[in-house]
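This report describes selected local features of one structure, taking a helix and its end, then a pair of helices, then a single loop residue.

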Amino acid sequence: MEISFDKEIQQLRLGTGDVFHGEGILAVTKALLQSGVAYIGGYQGAPVSHLLDVMVQAKDLVAELGVHVEACSNEASAAAMLGASIHYPLRGAVTWKSIVGTNVAADALANLASPGVTGGVLMIIGEDYGEGASVVQERTHAFAMKSGLALFDPRPDLQLMTDLVEHAFALSEASNMPAMMELRIRACHVRGSFACKDNRRPAVSALAPMDAPAAFDYGRLAHPPSTFRHEKLKLEQRLPAARRYIVEHGLNELRPGRHDDVGVVVQGGIAHALLRALQALGLADALGNSELPLLVLNVTYPLAPEQIAGFAAGKRALLVVEEGSPEYIEQEIAAILRRHGLSTALHGKDWLPGAGELNPEALVQGLLPFTSAYLPQVDTGAAQAQLDAAASRRRELAALLDAPLPARPPGFCIGCPERPVFSALKLAQQDVGPVHVAADIGCHSFATFEPFSIGHSILGYGMSLASRAGVSPMMKRRVVSIMGDGGFWHNGLLTGVQSALFNGDDAVLLIFKNGYTSATGTQDILSTPGRAAKSGATDPAASLTSTDRRIEDTLAAIGVQWLRTVSSYRVSEMRKALREALTTEFGGLKVIVADGECQLERQRRLRGWIAGLLARGERVVRVKYGVDEDVCNGDHACIRLSGCPTLTLKDNPDPLKADPVATVIDGCVGCGLCGENAHAATLCPSFYRAELVRNPRWHERAFEALRRIARRALQPA
Ligand code: SF4
Ligand code: SF4
């Protein structure tokens, strides 16, 4: 990982009397250190990647505090780490992206929650839900309910969020329940400030290790018959203890309002969006003071029934503002009202959308019928006019366009090593016919967009090979499974490769060895070229992934017999390897390792190196590709095979031709794909390769001067 987090690490060193200014996720990271955490682990993923990225680089700081930091191989290994707190008074924190990461961690979580914890446990969960999300849209809430985990959902205010981190550890210890804190995308990136405290050295840590292990206690094992007792403990002791803590420490916020015969119960994470919607209705001011009484649930599981009933008592109606479905909170509140004999009318999903993010516009739409029904004296005309204006703007825009705006999906970086492999896969299918492609999570999933549109399914991170098992026996042609090296180490080696080998499956696996988990922020993995390889490389411009053969060695060691490593940028060779894998008589698992370092990481490395060369006045050569506009025949086959953003179109300079010509704009990193594609697919010969020389030698200058003279002489006057 080449990004430096030096500034962030300095922020983590702040102490009592200092004020932190910055992003929510870094504030939470700081709060972990203030809470005396003894160990931190996790698996990176938006929107919480920053937490682990910063901690991994903060080696000196964590060593001073005695905090152990572990970049785990997946979320299951992160959750399993928390087992340290079952017996020992160690506070532990882990982080990952939810819901997908929580799914992976589910086995360990259930086995952690059953015996319960002694030291406080906190999972910082990136709730990747709503606008901008990148995973399936489900809620972590279900996991909290089923396993008995406290679920914090703080209002996105840095002081509150950091205070709640400390409370989460304390609640976990008071109730023996592991705790989760879900942070939505906006909560992670909200900027603000909070008053810092000194970082706390844990009493037991790597600096002050324990003399002896805990005494053997069968009752702490998630094994029957202990599990029968655990189930009762959850209900009879842990949940009541957590509820007591929530109420006694005021973790949920009760905000009075002048219309006190109605009220709104809202998840903390979307409380600010609600206030913005209330403001549009004239029911709140810009400072967040609401005219409706609010119960802001900074802890959404467990609910404290007495607190809910107390809030509802004497009110004609409650509105529950809860994002997504099912409406777990609303259903529980309905049961609480019934059990307490309260006749307060309950609304929520009858007026609010059941799917998608509750942004202020969606909330205004839900609040309008509530206001009309219970506060008819409130003039909602302005809010309705705002909604109408937004709808009419959308209609006008649609009318101005002949067709809907084209989608602008994300795509591979310029020069990405994965793009040429999909060009080769397209060409290989011209040879053998169309094949079913089991795609996976990672940068390579960009190939599901134009111009490739490759991939029939995505079943989870590292799951492509396993997901093919039910399809390939029913197919005339072999299925291609695609996996990144991140997915391979995360899950694919066990769930896919092992299973295919064990069953003797006739399968084809294409692994992208780009050296990092690029899609989550280019974090290092087991097969990342080491620092020694980077600094010792004779040619810093070379791709470094070929210096590490751990993936190939692992595959060979567990019995893969058909294994090829092919440079990602060699389109013809890759096409040939794919064709062979799809047609060979060998009936077992065939693996092609596409070897090419992530271009994003490579360019980061090159930028510093080139800047150094230029500063020293040394010669620097940059390769660029271009299109000869006089030769381009305008069929754009090159673009359909590549999709590189720097290979685009421009008006045809020939006034007699109407079709635009291809052109390479500035930004080309000279990956060579344009030339490779032109050759492999026998395209028109319009591509040229140029070398841009900076600080040229004297003989290069002299030669160029001669060339210029010759060109002038040959040109007509
Ligand atoms: S981050 Fe790396 S692997 Fe991902 S698209 Fe960019 S260059 Fe390709
Ligand atoms: S050579 Fe072609 S594919 Fe590679 S970066 Fe340049 S324009 Fe893009």
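Just after helix H2, glycine 36 takes a positive phi of about 75°. Helices here are DSSP runs of H or I with at least four residues, strands are runs of E with at least two, and both are numbered from the N terminus. This is a predicted model, in which local features need pLDDT of at least 70, side-chain atom pairs count only at pLDDT 80 or more, and totals for chains, interfaces and linings use all residues. Residues are numbered from 1 along each chain as its sequence is written, and side-chain values use heavy atoms, with hydrogens and water left out.

Helix H2 (residues 24-34) is largely enclosed by the rest of the structure, because eleven of its eleven residues are buried; buried means under 20% relative accessible area, exposed over 50% and partly exposed in between, with a 1.4 Å probe and protein chains only.

The axes of helices H17 and H25, which are lines fitted to C-alpha atoms over the stretch in contact, with angles from 0 to 180 degrees between N-to-C directions, come within 11 Å and cross at roughly 10°. That makes H17 roughly parallel to H25, a term for angles under 35 degrees. Contact means heavy atoms within 4.5 Å, and the residues that make it are tabulated here.

| Helix | Range | Contact residues |
|---|---|---|
| H17 | residues 418-432 | Arg419, Pro420, Ser423, Leu427 |
| H25 | residues 673-680 | Leu673, Asn677, Ala680 |

Threonine 646, in the loop between helix H24 (637-642) and strand S24 (647-650), is buried, with a relative accessible area of 4%. Leaving aside neighbours within four places in sequence, threonine 646 is in contact with residues including Ile414, Thr663 and Cys668.

Key: Chains are lettered from A and ligands numbered from 1 in the order in which they are written. Angles under 35 degrees count as roughly parallel, over 145 as roughly antiparallel, 65 to 115 as roughly perpendicular and the rest as oblique.
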